[in-house]
Amino acid sequence: MPASMESAAGLLRKTPLHAVHRESGAKMVPFGGWEMPVEYAGVIAEHLAVRSAAGLFDVSHMGEFEVAGPGALSFLQRVTSNNVAKLADGQAQYSALPMPSGAPVDDVIVSRKAADCFGLVVNASNIQKDFRWLQQQGPKHCELHDRSDEFALIAIQGPKAQAILQGLTPLELAGLRYYHFAEAELLGHPATISRTGYTGEDGFEILVTSDRAETLWRRLITVGQPQGLVPAGLGARDTLRLEARMCLYGNDMDETTSLIEAGLGWIVSVDEAKGDFVGRAVLEAQKKNGAPRRLVGFEIVGRGIARHGHPVSLKGAQVGVVTSGSFAPFLQKNIGLCYLPSEHSAVGIEFDVEIRGKLVPARVVPTPFYKRAR
Amino acid sequence: MYPQDLRYTKDHEWVRLVGERGTVGITEYAQKQLGDVVFLELPALGRALATGENFGTVESVKAVSELLSPVSGEVAEVNDALVKAPESVNTDPYGAGWMMVVKLADPALLGSLMDAAAYKAFVDSESK
């Protein structure tokens, strides 16, 4: 985790589940200004549990904004990259907040609660930055609220997630499609359940008021344990998302990488219905003509583990750095992501990663590295 | 957790002395701090090491840590089996998790390292 995301230990914020993590023996680390569990029993065991059964993640550090009012849709169309008009009530989409350069201020999930009321889930370390950015864009006929402090967000991910969660809610989860959400009763209290996640597995993210978090967490663990559910930390979350080739803001994309370069052209809408939006000119041109570089997935061919920041070179010339790199616990390989010049980014291209002064060969491979069987 | 027959460093390495040969590894505390170990780089046979010199690298899923030699001397044995099964560093740090054997330049210098009681006190003060 980048050191820039850390702040002084005394200033770290705690989620409503902090005491539960401590009690479970979690190793706690600073992340995005929060003190978060990085692992409980071990990253590998947690990672494999999510692939084969289920894992429970506290992601309450994520931010939640609400945009409400008759102008909400047109405001969001102007500040996000994806086409918000495609959403029906109860539907969500992956999107981003582009700058005029086409690089993202953040990546977000936009959800439509009603025709005039939308939710945004944003990265923990970007809550304040995103809120300021959105205010600067001048919301018209709508109001923007940061509701992050009111909620806890718990993710249950893995092939057993549905069976475990179904025991606690009358909502028929089988009918809830990917990237859809519903208001539901959960242990007798209101919750928002969405079929989303950051692991490459089926699963749900559950939004509840902070006071409900601890009861819900404990109940899920009790009900889920016999089916293989384990608490999982940020360590496993990071290796799981990397195997699924999901970008991490601040590593694989930031204010210097365009969405097209990051391989996120699929969340950039150039539909006529989308209308003009911040960054559209650059992104539309790059989508049509290509970008100078491209984020690729690679496997280390030699011996070594690529890490964030390791130099990447092509025929002896440095062309970039590793943006994410790790041992992949399910695939049992050393994998990573990095930017390469587009003309040298095809699958099979070989290049070098400099690991502690040594050049270690790597090869561009198809992504996602891991894709679950459906 | 702190075998009596070993000597310890502040960098959480241990040494077991048999004759003039010192076997070296990392401690239970060190492996716990690292988490699941997935990669190791160990020195070449015959390499001369000074006390405190980097002799390799241990990597867990989340962390990279340099290995610093607790002793000076010549590398006489390397645990190649450990490179293929690095998880032994977690499961058996004082046994199968041994990393190298050094033919000590001066076995008497081992006395400057911590004994089990001193190391335990050091770990307790560090983890406060």
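**Figure 1. Buried residues in chain B.** Of the 128 residues in chain B of this predicted model, 40% are buried. The C-alpha trace of chain B spans about 35 × 35 × 20 Å along its principal axes. A compact globule of 128 residues would have a radius of gyration near 14 Å, and chain B agrees with this because its own value is 13 Å.

**Figure 2. The elements of chain B.** Chain B contains nine strands and four helices. Read from the N terminus, the order is β-β-β-α-β-β-β-β-β-α-α-β-α. Now look at the contacts inside chain B between residues at least 6 apart in sequence. Of these contacts, 63% join residues at least 24 apart.

**Figure 3. Where chain A meets chain B.** Nine residues of chain B are in contact with 13 residues of chain A. What classes of residue does chain A bring to the side that touches chain B? That side has six nonpolar, four polar and three charged residues.

**Figure 4. Helix α6 of chain A.** This helix covers residues 213–224 of chain A, 12 residues in total. From first C-alpha to last, α6 of chain A reaches 16 Å. That is close to the 16 Å expected at 1.5 Å a residue. Which residues of α6(A) are buried? They are Ala213(A), Leu216(A), Trp217(A), Leu220(A) and Gly224(A). Seen down the axis of α6(A), the buried residues fall within an arc of 100 degrees, so they line one face of the helix. An α-helix has 3.6 residues a turn, so residues three or four places apart point the same way.

**Figure 5. Val122(A) and its surroundings.** Val122(A) belongs to strand β7 of chain A, which covers residues 117–122. Is Val122(A) buried or exposed? Val122(A) counts as buried because it has 25 C-beta neighbours inside 10 Å, and the cut-off for a buried residue is 20 or more. Set aside its neighbours within four places in sequence, and Val122(A) is in contact with Met62(A), Gly63(A), Phe65(A), Asp106(A), Val108(A), Ile127(A) and Asp130(A). One of these partners, Val108(A), is 14 residues away along the chain. The C-alpha atoms of Val108(A) and Val122(A) are separated by 5.0 Å.

Notes:
Residues numbered from 1 in each chain as written. Chains lettered and ligands numbered in written order. Predicted model: local features only at pLDDT ≥ 70, side-chain atom pairs only at ≥ 80, totals over all residues. Helix = DSSP H or I, 4+ residues; strand = E, 2+ residues; numbered from the N terminus. Rg over C-alpha atoms; globule rule 2.2 N^0.38 Å. Buried ≥ 20, exposed ≤ 12 C-beta atoms within 10 Å, placed from the backbone. Contact = placed C-beta atoms within 7 Å. Nonpolar A, V, L, I, M, F, W, Y, C, P; charged D, E, K, R; others polar. Expected span 1.5 Å × (residues − 1). Arc of directions from axis to C-beta.
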